[in-house]
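Subject: Helix packing in the model

Dear colleague,

Please read the notes with the model open.

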Amino acid sequence: MYFSIYASTAPELSDNTRYDFFSRVVPPDSYQAQAMLDIVTAMGWNYVSTLASEGNYGESGVEAFVQISREMGGVCIAQSLKIPREPRPGEFDKIIRRLLETPNARAIIMFANEDDIRRVLEAAKRSNQTGHFLWVGSDSWGSKISPVIQQERVAEGAITILPKRATVEAFDRYFRSRSLSNNRRNVWFAEFWEENFGCKLGMHGKRPGSLKKCTGLEKVGRDSSYEQEGKVQFVMDAVYAMAHALHRMHRDYCFGYPGLCPRMSNINGKELLGYIRSVNFNGSAGTPVVFNQNGDAPGRYDIFQYQITNKSTAEYKVIGQWANKLHLNVDGMRWRTGDPTLRASVCSMPCQMGERKKIVKGVPCCWHCERCEGYNFQASEFSCELCPYEQRPDRNRTGCIPIPIIKLEWHSAWAAVPVFVAVLGILATSFVVVTFVRYNDTPIVRASGREMSYVLLTGIFLCYAITFLMIATPCLAVCSFRRVFLGLGMCFSYAALLTKTNRIHRIFEQGKKSVAAPRFISPASQLVITFSLISVQLLGVFVWFSVDPPHTVVDYGEQRTSDPEKARGVLKCDISDLSLICSLGYSILLMVTCTVYAIKTRGVPETFNEAKPIGFTMYTTCIIWLAFIPIFFGTAQSAERMYIQTTTLTISLSLSASVSLGMLYMPKVYVIIFHPEQNVPKRKRSFKAIVTAATMSGKLVQKGSDRPNGEVKTELCESMETNSEYFTLVDRI
């Protein structure tokens, strides 16, 4: 048996293993399901529910839609509901309540007969859900009026689909000409006549309740409403398809033979099927009639939307077509009256920039949005990745940007205070040096030990000057000078002080044993000892240069805060805390040793007043550096580490220099400037001091030839006359 069906759209009829002789001129519902999926995708809906009338048409259509959506991806099915063949009272209200359980799935894909469609719309209206649902109806809804009568508002915006078709004018002319007298061959025509004109034909009419009698003169389209059934085209094309197949077979098998030839009287069914499947002609609507290998016609659909115009009249408007590809006029679509915006039918709203999707297990269209935190940026729709170490996420967290690089600025309060202190210190030191140079041959300056004083003042000056190198913009030259001068100022200062305190200690220790002068207490010896101690510092610096050449680095870890917006890279010299301690360690060792000698000489008589200021200087300096260490290393994890440590270090150096300058030289400068009358030799009446000095003079005279300009003799004479004679011997021998 051969079938050429004009209106059966069930997808399973495309199965050649079961229905191998089946062909149809209408597209199967699988095409319709594909078209509906394309519409849903074009609308941006990814979370929908399906609703089907129980039976082959509804269930097969929904199954095809679900299958295609799974294969294509991007659309998830929230619920798949079925309308029973014989619904119980309240069944449609229950369906609406079920659909509302997933309120985000507003789009409803419907494969249902028109009676079920109407009752679903009625139930939605009763539930006051007008405007909530977005209906997408199959060809059973199409452009029919009956499902939406008195449901215009709840059906507004519904998108429906219908196989592409055209009105056959020849059929209209033919059907309008039919009457009871010229159409007796159609046994159902009399029943149609009564139904169409609302009358009764004689005693045996089919409408026993009608009082009006049919005259037989009624005219179709004049005395009743008439609209051509949409499937007329397909009925005609189905007949023509069989006719074309038989015609071609007759031409091939019975060429020139009138009527049925013997060759066609007993043909193989496969042969006729081949001719049917190979037909290709323009149908009654002017569109090609062809079949694929499964006997299906190509999918061609018109897409409608049920719209309410400004005049409050509702009608179906063509908004697109589908022929293996969707062509949709989005601008021509209209939604709820007074609210032209398209409603969404999605499980989850799109994530914001900088957020990744965390998919809900089993529902790929549903997700939670998680912001990429910390130094992570949105690498893809579903993942966050960590920015490179020297970068941070941009404001939208969709990429990475370089972390800003900072340095200690001159105008910063962290720099202004140390610079101010250093400038004052340099001015004060310069003033002391100028004063000492000007009054170089006065007793106070000579008694201070001129050579060692200038060495010590050089160290004090360097301690102040290092502040400018520590604050300057790091570069190769700055980093090199930092290494050289960071510990050099302290080394100059404490090497000179250590030499002086050691000499005082040795002199008094020697004086307890004999009147013989200790060795290496001359000015030249003091300078040699001092510069020998300084050379150790310089040697260590040169070794440091060779092992680890100076260079600049950008430290991104120092100010890598939890908030990337506040993260900064710090431009600095590559000097680690350990290297810094090693550079200062030698100077601190000299300072500690000097302090030890200062303690040992604390018993020196008060008249020998140079030892006590040195002692006070060292005690105060030790306190300064004991305070420096916990502050410096205790802030190692602070975001302000660069500022605190630089300021602490420079202030500590300046304070150390200020203590030395203030305690050792300011009193002398005060006497020189404001009390010059005291800057003269004074007689000392202490016989013990005179005897002690005289006792030592013999030894000193023997070595007088080693001192220039007879300085030893001068000092010896002064020692017999001034209040500081013994101190002069101690300092100048």
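A crossing is called left-handed if the near helix is turned anticlockwise from the far one by less than a right angle, and right-handed if clockwise. Helices here are DSSP runs (H or I, at least four residues), numbered from the N terminus, as are strands (E, at least two). This is a predicted model, in which local features need pLDDT of at least 70 and side-chain atom pairs count only at pLDDT 80 or more, whereas totals for chains, interfaces and linings use all residues. Residues are numbered from 1 along each chain as its sequence is written, and side-chain values use heavy atoms, with hydrogens and water left out.

Two packed helices are described by the angle between their axes and the distance between the axes. The axes are lines fitted to C-alpha atoms, for helices over the stretch in contact, and the angles run from 0 to 180 degrees between N-to-C directions.

Helix α13 (residues 450-471) and α19 cross at roughly 160°, and their axes come within 9 Å. α13 is therefore roughly antiparallel to α19 (angles over 145 degrees count as roughly antiparallel, under 35 as roughly parallel, 65 to 115 as roughly perpendicular and the rest as oblique). The crossing of α13 past α19 is left-handed.

Leu 661, Gly 662, Met 663 and Leu 664 of α19 meet Met 666, Pro 667 and Lys 668 of α20.

Within α20, Lys 668, Val 669, Val 671 and Ile 672 are buried (under 20% relative accessible area, with exposed over 50% and partly exposed in between, for a 1.4 Å probe and protein chains only). Viewed down the axis of α20, the buried residues lie within an arc of 160°, so they line one face of the helix, the arc being that of the directions from the helix axis to the C-beta atoms. These buried residues pack against α11 (413-438), α12 (443-447) and α19.

Definitions and conventions
Contact = heavy atoms within 4.5 Å.
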